[in-house]
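Please keep the sequence and the three-dimensional view at hand while reading.

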Amino acid sequence: MRTLLTGATGLLGKALLSKLEIATVLSRNPDRARNEFAASGGSIPEVYSWDPTAGPAPAEAVRGADVIFNLAGEPVGGRWTAEKKRRIYDSRVLGTRNLVSALTAASSIDAKPRVLVSASAVGYYGDCGDDELDESAPNGGDFLAGVCADWEREAMAARGPGLRVVCVRIGLVLAAKGGALGRMIGPFKMGVGGRLGDGKQWWPWIHVDDAIGILLHVSRKKELSGPVNAVSPNPVTNAEFTEVLGKAIRRPTICAMPKMALRIALGEFSDAVLFSQRAFPAAAKRSGYAFEHENLPSALASLV
């Protein structure tokens, strides 16, 4: 199957690209993307230039693609200035709108895409305490929840005869290099890691292998459409995560970060760090997806 991929230079994009046989990539900076692909030692896919916020994706890239994976988006980490929040929103919402515009224009072409797999996030649910969240849970009311809702709405606008749309609500992706674990591992190895706030917030984590597995799974399962949670079946609290990571690298985890200190350091982004989302992969499990890494201790052991 021919695949079109946005966000190919990100953590998930690179991991997914390595699993695809025939792939075309859309990139804001094609030369830099080709250099990154060459440095990784893998094959270099065909790369088209596209600024997601500037206009529709190039028709020649969309034409002939069977599956489209839409993973592009400004990283959410860091202090949220007004400009940062604009980039977070526009890169996802406007970018998806412009991608769907190209799909709609291709609707009269015989070789139009069969499925759009568009990224979303468990941030869709907002701060939910100890509530158990499957894909039917309501949308939250904070900034990231609003971004996710609008992001999914733009993706679902592509639905039509012969074109299936799946919005994959991705949790905290754990990988050996990069991502959330990459940012945490340094302080933890120095012995200054610890829980965030009171540590009672639920963290819906997922091993990178299962995140990619679910993306591929939903692209092939014709009965799946709409939202699908990409999270482990065994979420943990931040305090539990801290304890397990400390044991995995044999370091103490006594340096807790109070909520006020997080607010000073991260501003509004600290809310996202402290929000609780006890999400479960109900749709993925129902459709037969078999997790490689269900439990946090074994998942972290494979990474660190």
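The model is a predicted one.

## The second largest pocket

The second largest pocket has a volume of about 310 Å³. Its lining consists of 14 residues, and those nearest the centre of the pocket are L17, S18, S40, G42 and S43.

Three elements, α1 (11-17), β2 (22-27) and α2 (30-39), each contribute at least two residues to this lining.

## K14 in helix α1

K14 is located in helix α1. Its relative accessibility is 42%, so K14 counts as partly exposed, since that class lies between the buried limit of 20% and the exposed limit of 50%.

Apart from residues up to four places away in sequence, K14 touches A8, T9 and E36. One of these, E36, is 22 residues from K14 along the chain, and the C-alpha atoms of the two are separated by 9.5 Å.

## Helix α7

Helix α7 comprises 13 residues, numbered 208-220. From its first C-alpha to its last, α7 reaches 19 Å, which is close to the 18 Å expected at 1.5 Å a residue.

How many of the residues of α7 are buried? The number is 11 of the 13, so the helix is largely enclosed by the rest of the structure. Among the buried residues are V208, I214 and H217. In an α-helix there are 3.6 residues a turn, so residues three or four places apart point the same way.

## N229 in strand β11

N229 belongs to strand β11, which covers residues 226-230. Is N229 buried or exposed? N229 is buried, because its relative accessible area is 0%, and buried means under 20%.

The side chains of N229 and Y125 are joined by a polar contact of 2.8 Å. When neighbours within four places in sequence are left aside, the residues in contact with N229 include Y125, D134, R169 and F280.

## G288 in a loop

G288 is placed in the loop between α11 (282-286) and α12 (296-303). With a relative accessibility of 55%, G288 counts as exposed, because the exposed class begins over 50%.

In sequence, G288 and H217 are 71 residues apart, while in space their C-alpha atoms are 9.0 Å apart.

Notes:
Residues numbered from 1 in each chain as written. Predicted model: local features only at pLDDT ≥ 70, side-chain atom pairs only at ≥ 80, totals over all residues. Heavy atoms only, no water. 1 Å grid on protein atoms, 1.4 Å probe; cavity = no way out; pocket = protein on both sides within 12 Å on 5 of 7 lines; lining within 4 Å. Points joined across faces, edges and corners; volume = space filled by probe spheres on them. Helix = DSSP H or I, 4+ residues; strand = E, 2+ residues; numbered from the N terminus. Buried < 20%, exposed > 50% of the residue type's maximum accessible area, 1.4 Å probe, protein only. Polar contact = N/O pair within 3.5 Å; in protein donor to acceptor, adjacent residues only side chain to side chain. Contact = heavy atoms within 4.5 Å. Expected span 1.5 Å × (residues − 1).
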